[in-house]
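Hi,

Here is the structure I promised to pass on.

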Amino acid sequence: MKTQALSKNDTTILKGIGILLIILHNFLHWTEPFNSKENEFYFEADNVSDFFSSIADNPFEFVNIFLSYFGSYGVQIFIFLSGYGLYLSFKNKPMPWSRFVIGRAVKLWCLLVVALIIQLITNVLIYYQTIDVKLMLSFLYKFLFVHILIPGEGMSYNGPLWFVGCIMQLYILFPFIYRMMEKYGIKSFLIICVFSYSIIYLSVYGIFSPNNVFILQNFPGHLPEFCLGILLAQKRDVEIKRIYILLSIVVFFAGAFLKPLFPFVFIAFAFMVFCLYQMSAQKLNHNGYVGRLFAYFGGISMLLFATHSNIRWTFVVLTQKYDNAAVTLLIAVAFVFSAVLVAKSVSGIYDKMNECVKNKTK
């Protein structure tokens, strides 16, 4: 299969797919019968057995359970696309390390401001909670990008925001990785992978596992798929044998259930999605209804990412009231629709902040 360079529309569609997986996962993994048992930042064999037993006992809940267990891998699409997009933009417009890092940090701060606004509003109006020092301190850690280094803070208040700390770490490293891969190509990619997987294996097997701080929330856990994005952007048009695509699918699903292969599920998923999208792009009209729907979600993906978790509990409670597979899916759709409304409600603030940043950095 001959791949083609991803266009802006391609990356937007892929972001749409990724954010829908993330949103549905973050909702469904709090619903019965499979409540928060996915292997995401560590591997537990009990989660695997619970996955199969839950499907066996509740076959009509298959979609809910499947998305609950696998939906979190939508994050890998964003990490892969970050590496892919950064390579192309940096190659066209290189800049000093300090300017690059500060620019990226400011963009993330804009996103965090929006997340904090929604957090404060929902705390007061929906959950009747006071705005306490603990909440503000937790967001201060996020603004400093250190929350994933502090025990118990990686997932505090707004769980998906662990990603902000991880991607900032990757931004800090990117200019150095860029130069390495420009000079040494695939050799540097392999060296980085060996480094990353060594640390991941030590973490997964508990040899190096800091108390309540997860390697898979930090840069060593996701360097391979980030660098894969850089590599494929660097090569652009690549001939990929179908056996490699099949192998990535096998590794992904095997790694989801087998601890020895678990560290490879993230890069396998990123490569699998990239290849399957390339195959579908040659056969399907991505300007059709489905493509435009995914592109719509992709266009507001970061706002959805930052705000959706604040409103999910209201909908989770509804699923507990009805306890029905079809109703749970309908509530999930209502949740996604509501998340879009919340994201759109703060899009004006977010756009103005970003426009202000662009004007000041020109």
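**What I found**

Let's start with Asn354, which sits in helix α16, residues 347–361 (helices are DSSP runs of H or I, at least four residues, numbered from the N terminus). Before going further: this is a predicted model, so local features need pLDDT of at least 70 and side-chain atom pairs count only at pLDDT 80 or more, while totals for chains, interfaces and linings use all residues. Residues are numbered from 1 along each chain as its sequence is written, and side-chain values use heavy atoms, with hydrogens and water left out.

Back to Asn354: its relative accessible area is 14%, so it is buried (buried is under 20%, exposed over 50%, partly exposed in between, with a 1.4 Å probe and protein chains only). Setting aside neighbours within four places in sequence, Asn354 is in contact with Lys107 and Cys110 (contact means heavy atoms within 4.5 Å). Trp109 is 245 residues away from Asn354 in sequence, yet their C-alpha atoms are 9.9 Å apart.

Asn354 also turns up in the largest pocket, where it is one of the lining residues nearest the centre, along with Lys15, Arg104, Lys107 and Lys358. For the record, a pocket is found on a 1 Å grid over the protein atoms alone: an open set of points where a 1.4 Å probe fits, with protein on both sides within 12 Å along at least five of seven lines, and lining residues have an atom within 4 Å of a point. The volume is about 1800 Å³, taken as the space filled by probe spheres set on the points, which are joined across faces, edges and corners. The lining has 45 residues in total, and α4 gives the largest share, 10 residues. By type, the lining splits into 21 nonpolar, 14 polar and 10 charged (Ala, Val, Leu, Ile, Met, Phe, Trp, Tyr, Cys and Pro are nonpolar, Asp, Glu, Lys and Arg charged, the others, Gly among them, polar).

On to salt bridges: there are two, counting a side-chain nitrogen of Lys or Arg within 4 Å of a carboxyl oxygen of Asp or Glu. In one of them, Asp50 pairs with Lys37 at 3.7 Å, N to O. Asp50 is in helix α2 (residues 45–57) and Lys37 in the loop between α1 and α2, so the pair ties together parts 13 residues apart in sequence. Lys91 and Glu182 also form a salt bridge, at 3.4 Å between the closest N and O atoms. Here Lys91 belongs to α4 and Glu182 to α7, so parts 91 residues apart in sequence are tied together.

Cheers

Conventions
Helix = DSSP H or I, 4+ residues; strand = E, 2+ residues; numbered from the N terminus.
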